[in-house]
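Visitor: Please show me around this structure, one question at a time.

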Amino acid sequence: MSEDGSEYEDEQGANLGTYEGERNDKEERHGRGKATLSNGDTYEGMYENNKRHGQGTYRFKNGARYIGEWNKGKKHGQGMFIYPDGSKYEGSWADDQRCGFGKYFYVNGDTFDGEWQNHLRHGQGCYVFAKTGSKYVGTWKEGKREGQGELIHLNHKYVGPYVEDKPKGKGKYVFDLGCQQHGEYIVVEAPEQGQGGVEEEEGAATKSIWKAVGITQVLTADDDDLEDEIQQLEEKKDDAGSPLAEAPVEGETEEGG
């Protein structure tokens, strides 16, 4: 299988299959036509000199399909790919790769809307977690969160740097109630399962721990309730100095997109 979850055949040599449509003076497939390939896939759309070129639809025998632009036999331009598992990508392509700006709809309901390179999330983008409604807005590198970003939850958000898909370095939590907590994420080795530690996803070797510096009020108001809420946050600090030190950092994005 290719990274698309499907591989298509070139309509060359032994893989010509059957064809109905227009041809040029050299009897090459040229213009609009429909082909059934030797592996059972079908293509209907435009050709140029025996290659898929222009607008066309390629249907895979496993149920996947690509609807969009082609250039010299490769997916190139704007197009939509529906994968065998039901996930979907809509956006730009270059040389058969997701490249440029596009949106991916994952099977679990998550979405990513942003920049791509070589099939991977790369550049600026927004990933929305369907289960909680939280979202990450920031930079990506080769499929992982890297650089400055914001992880936005229902009533608060984290603002700070990410390294290798995990928060790392100095950042802050901003709360809707009118205060913010400054601190730093430190990446440590994850405890092994079965030794009394926090269970990590299989294959995970590290986790991020939040170390707080303090909580500051960011709104100027004579609000006793606001003061009480800030005081409650201060009182909830654990040994690490933060009410959020051991809270799970939402960030397990769907792979393969």
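Guide: First, a term. Helices (H or I, at least four residues) and strands (E, at least two) are DSSP runs, numbered from the N terminus. This is a predicted model: local features need a pLDDT of at least 70, side-chain atom pairs count only at pLDDT 80 or more, and totals for chains, interfaces and linings use all residues. Residues are numbered from 1 along each chain as its sequence is written, and side-chain values use heavy atoms, without hydrogens and water.

Visitor: How many strands does the protein chain have?

Guide: Count the DSSP runs. The protein chain has one helix. Its strands number 17.

Visitor: What is the mean pLDDT of the protein chain?

Guide: pLDDT is the predictor's confidence in each residue, from 0 to 100. In this chain, 74% of the residues reach 70 or more. The mean is 84.

Visitor: Which stretch with pLDDT below 50 has 26 contacts beyond near neighbours in sequence?

Guide: Contact means heavy atoms within 4.5 Å. Residues 194–203 have pLDDT below 50, with nine contacts in the model beyond near neighbours in sequence. The stretch with 26 such contacts is residues 238–249.

Visitor: What share of the residues counts as buried?

Guide: Buried means under 20% relative accessible area, exposed over 50%, and partly exposed in between (1.4 Å probe, protein chains only). The chain has 257 residues. The buried share is 39%.

Visitor: Which residues touch the most other members of the largest nonpolar core?

Guide: A nonpolar core is a set of buried Ala, Val, Leu, Ile, Met, Phe, Trp, Tyr and Cys residues joined through side-chain atoms within 4.5 Å. The largest one has 32 residues. Those that touch the most other members are F81 and Y158.

Visitor: Is R121 buried or exposed?

Guide: R121 sits in strand 10, residues 120–128. Its relative accessibility is 2%, so R121 counts as buried.

Visitor: Which side chain makes a polar contact with that of R121?

Guide: A polar contact is a pair of N or O atoms within 3.5 Å; within protein, one must be able to donate a hydrogen and the other to accept it, and residues adjacent in sequence count only if both atoms are side-chain atoms. For R121, the side-chain contact spans 2.6 Å. The partner is Y106.

Visitor: Which residue's backbone nitrogen does the side chain of D165 reach?

Guide: D165 lies in the loop between strand 13 and strand 14 (166–167). It is buried, at 17% relative accessible area. Its side chain comes to 2.9 Å from the backbone nitrogen of R145.

Visitor: Which side chain makes a polar contact with the side chain of N155?

Guide: N155 is in the loop between strand 12 (144–152) and strand 13 (156–163). It is partly exposed, with a relative accessible area of 45%. Beyond four places in sequence, N155 is in contact with F175 and D176. The polar contact, at 3.0 Å, is with H156.

Visitor: How far apart are the C-alpha atoms of I152 and V128?

Guide: I152 lies in strand 12 and is partly exposed, at 23% relative accessible area. Its contacts beyond four places in sequence include S134 and K157. I152 and V128 are 24 residues apart along the chain, and their C-alpha atoms are separated by 9.5 Å.

Visitor: What is the phi of E27, about?

Guide: E27 is in the loop between strand 1 (18–23) and strand 2 (29–36). It is exposed, with a relative accessible area of 53%. E27 is not a glycine, yet its phi is positive, at about 65°.

Visitor: Which residue's backbone oxygen lies 2.8 Å from a polar atom of the R23 side chain?

Guide: R23 belongs to strand 1 and is partly exposed, at 40% relative accessible area. Beyond four places in sequence, R23 touches E28, R29 and H30. The backbone oxygen in question is that of E27.

Visitor: Where is D95 found?

Guide: D95 is partly exposed, at 48% relative accessibility. Its phi is positive, near 50°, in a residue other than glycine. D95 is in the loop between strand 7 (88–94) and strand 8 (97–105).
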